[in-house]
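Please look at the sequence and the three-dimensional structure shown here. The paragraphs that follow lead from a single residue to the arrangement of the whole chain.

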Amino acid sequence: MSVSTAPPQRPSAGPLAGPAPRSVRPDLSWQASLFAAADEPRFDAAFAEAERRELSSGAWVEHTPGWLEGADGLFATVLELAPWGTYTMEMYGDRVLAPRLTARWHVDELPDELAVLRDVGRALSDRYGKELERIGVNLYRDGRDSVAWHGDRVARELPSAVIAILSLGHRRPLRLRPRGGGPSLGYGLGRGDLFVMGGSCQRTWQHAVPKVAHSQPRISVTFRHRYPGREDG
Ligand SMILES: O=C(O)CCC(=O)C(=O)O
């Protein structure tokens, strides 16, 4: 999958293949009832519950269920403040809108209301030995939103990389499979779960968030490091 980013825009009825584009302003009608918990977000800086799994070819993943408490309040704040946009990707020779909304920040540009993400980035950087300073957020509005099998574009050119995902909102499966083929494995990522991919994972494995029949909204917050010589990676 090759992906190019575009500034936030309202999709027009252009010559895009695939399902009709949907608005980039998320429908907030479900927000109040589902995600209005007022708890301050707190996380476990000791990573006491982290479960690490070595995969083949020097790849590894680490899952910490319920790592961040107060995930619902954080979900609502990210939903409200992120400058949500769309991007297009090439599929079967056509350019199609990606079936999810995204936004990005550098850790120093975060709004004050999201200062906890700066603290999370610092804790992750300390633990994993990389400056995880680039933050991306992905909104899966319902079960039709997804991300297809991929390894992160630039990270897959590197011998090793770390990508951390903080999951907010509804539980969705994240699947992994070896790039050369073989059985896949899956993790259900629920509210406040932390999932980290490391080593050669972006190069030798692929991951996906598949479509599901029914889902309430989910946001994933990704933390990435800068890649040497690449501003865009
Ligand atoms: O949403 C997720 O959990 C996965 C995100 C992802 O794979 C990506 O943004 O490249």
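In which strand does R104 lie? R104 belongs to strand β8, residues 101–106. Helices (H or I, at least four residues) and strands (E, at least two) are DSSP runs, numbered from the N terminus. The model is a predicted one, in which local features need pLDDT of at least 70, side-chain atom pairs count only at pLDDT 80 or more, and totals for chains, interfaces and linings use all residues. Residues are numbered from 1 along each chain as its sequence is written.

Is R104 buried or exposed, or something in between? A residue is buried if 20 or more other C-beta atoms lie within 10 Å of its own, exposed if 12 or fewer, and partly exposed in between, with C-beta atoms placed from the backbone. R104 has 15 C-beta neighbours inside 10 Å and therefore counts as partly exposed. Apart from its neighbours within four places in sequence, R104 is in contact with I135 and G136; two residues are in contact if their C-beta atoms, placed from the backbone, lie within 7 Å. R104 and R134 are 30 residues apart along the chain, and their C-alpha atoms are separated by 7.5 Å.

The chain as a whole may now be considered. Its secondary structure comes to four helices and 16 strands. Of its 233 residues, 34% count as buried. Among the contacts with a separation of 6 or more, 79% join residues 24 or more positions apart.

Strand β8 is part of an open sheet of seven strands, whose order is β3-β4-β14-β11-β16-β9-β8 and whose pairing is antiparallel. Two strands pair if DSSP finds at least two bridges between them. Strands of a sheet pair through backbone hydrogen bonds, either parallel or antiparallel. In this sheet β3 (51–54) and β8 stand at the edges with a single partner strand each, so one side of each has no neighbour in the sheet. From one strand to the next, the twist averages 20°; axes are lines fitted to C-alpha atoms, for helices over the stretch in contact, and angles run from 0 to 180 degrees between N-to-C directions.

Helix α3 (residues 115–128) lies across β9, β11, β14 and β16 and runs at about 120° to β9.

The pairing within the sheet can be followed strand by strand. Strand β9 (residues 132–140) pairs with β16 in the antiparallel sense over eight bridges. Along this pairing, I135 stands opposite F223, and G136 stands opposite T222. Seven of the eight residues of β16 are buried, so the rest of the structure largely encloses this strand. Strand β16 is also joined to β11 by seven bridges, again in the antiparallel sense. Here L168 has I219 as its bridge partner, and G169 has R218. Strand β11 (residues 163–169) has seven of its seven residues buried and is therefore largely enclosed by the rest of the structure. Four bridges join β11 to the antiparallel strand β14 (residues 194–199), where L166 stands opposite L194.

What does the largest nonpolar core contain? A nonpolar core is a set of buried Ala, Val, Leu, Ile, Met, Phe, Trp, Tyr and Cys residues joined through C-beta atoms within 7 Å. The largest one has 46 residues, of which V78 and A164 touch the most other members. Helix α2 (residues 71–81) gives the largest share of this core, six residues. Leaving out residues up to four places away in sequence, V78 touches L114, V137, L168, I219 and V221.

A second sheet has four strands. This open sheet has the order β10-β15-β12-β13, with antiparallel pairing. Strands β10 (147–150) and β13 (185–189) stand at its edges, each with a single partner strand, so one side of each is left without a neighbour. The twist from one strand to the next averages 15°. Strand β12 (residues 172–178) pairs with β13 over five bridges, and L174 stands opposite Y187 in β13.
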